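Here's a quick tour for anyone meeting this structure for the first time. Have a look at it below, then read on.

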Amino acid sequence: MAAFETAAGATRLIPSGPSGLGTSAARIADLLRPRVPGASAPGVRTPGVRTPAVPTPGARTPGVRTSDVRGTEVARSRTVPGLYCPPHLRDDPALAEEVNERLVDWTQQVGIYAGRTEKFRQANFGRLLMLTHPDTDDPDRLVAAGRCLAAEFAVDDYFCEEATTSDHPERLGPQLMLAQSAIDPPQLPGRYQERYERSVREQPVLNALWHSLRELAGFASGSQVNRLRQEIAGLFLGMDAEAGWRIGGSAPSVSEYLANRQMNSFLPCMTLVDAVGGYELPANVYGRPDVRRATLQAALASVLLNDIYSMHKEGGAQGLEYNLPTVLAAEDGCSLAEATRRSIELHNELVRSFEAASAALTLTGDLVLTRYLGALWAWLGGNKEWHASSPRYNEQ
């Protein structure tokens, strides 16, 4: 059937250009508009959701002036030459600031980042959420996703960091197991349940994880929350494997590293695009092999971009961090500069593969799936802009 043309043929139907936006900007903007019939999920709270039409990239955004963007962010913004990635679709500094401050308040309530509040604030996760979810300007929904993100980052910043610096790195596995149990609480016999719940409340990272999933339920269906649990389980497995390499002083092969990075990626954040947007991609569609393949391509591309920007931050110091350029350089025996160039090529290959897969999938006529794929595309663009401007990856 014509609707199921090859990905290559489908790509020709969607114009591309030198801007790095493979899919027509107007089409992406249109599919992100909340006009999908019956898209709201049962049990998902939609009143109060303000989902404006997403502007065409490069056009002026009504109510947002270029001068509104903080000068320090613009001054620090860095572009990686040759990187193929969508542009971000909006920049709303006021919304980013509101979300960021509410996330800072929340971290203080649950106990994470105590003594590191300013560092957390400066990372500006509120801006990341604003950039990666352009189909809503509802701060409540963005904060709900942001709590999950902050809790996931806390696992890395506390448990994984401790595993690489303490005298007891073997504790990481049990800690990650408890972290997973905090988002999927066990059902224990009487008195053991009470002891378990008390221990979760007393440990800040576990407490943050427990609260983040509980509070997300006000904006997502049970299926969407369960989807997130499953993707976080993969994230924790990836973290544990990376810690094993570090503890053993061994380096993975490039293929092993990429397989690990597939799990230890932004996938848990990206899997919330429909919940944040106020609709639901059905579980049977999300789990389809062709949809799963496209989703994983986007997720791996998003985290390889992180590797590339982290490499710039680290100034090429080998042996300090595992990232794709250092692993490539070790396996191929090439310079770090050449390994970085190859890393960019691998990132670009994944983005183009996702682009082609999405083009083919949109031909099926499934409007909810089309909107979901467009949201992933927009997430990639927002993620790139955040990495290019965040103090976390750039000089202060």
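Leu128, Leu129, Thr132, His133, Ala145, Leu149, Cys269, Leu272 and Trp379 line the second largest cavity. A cavity here is a set of points on a 1 Å grid over the protein atoms alone where a 1.4 Å probe fits but cannot get out, and lining residues have an atom within 4 Å of a point. Before going further: this is a predicted model, where local features need pLDDT of at least 70, side-chain atom pairs count only at pLDDT 80 or more, and totals for chains, interfaces and linings use all residues. Residues are numbered from 1 along each chain as its sequence is written, and side-chain values use heavy atoms, with hydrogens and water left out.

The second largest cavity has a volume of about 50 Å³, a volume being the space filled by probe spheres set on the points, which are joined across faces, edges and corners. A search of the whole structure turns up three cavities of 30 Å³ or more.

Who supplies the lining? Helix H6 (125-132) and helix H7 (139-165) each bring at least two residues to the lining of this second largest cavity, and H6 gives the most, with three. Helices are DSSP runs (H or I, at least four residues), numbered from the N terminus. Sorted by class, the lining has seven nonpolar, two polar and no charged residues. Nonpolar covers Ala, Val, Leu, Ile, Met, Phe, Trp, Tyr, Cys and Pro, charged covers Asp, Glu, Lys and Arg, and the others, Gly among them, are polar.

H6 also has a helix partner to look at. The axes of H6 and helix H19 (residues 367-389) come within 7 Å and cross at roughly 150°; axes are lines fitted to C-alpha atoms over the stretch in contact, with angles from 0 to 180 degrees between N-to-C directions. H6 and H19 are therefore roughly antiparallel to each other (over 145 degrees).

Now for some backbone angles. Most residues other than glycine have a negative phi, yet two residues other than glycine have a positive one here.

Finally, in helix H17 (residues 324-332), Leu324, Pro325, Thr326, Val327, Leu328 and Ala329 are buried. Just after H17, Gly333 takes a positive phi of about 65°.

Definitions and conventions: 1 Å grid on protein atoms, 1.4 Å probe; cavity = no way out; pocket = protein on both sides within 12 Å on 5 of 7 lines; lining within 4 Å. Buried < 20%, exposed > 50% of the residue type's maximum accessible area, 1.4 Å probe, protein only. Parallel < 35°, antiparallel > 145°, perpendicular 65-115°, else oblique.
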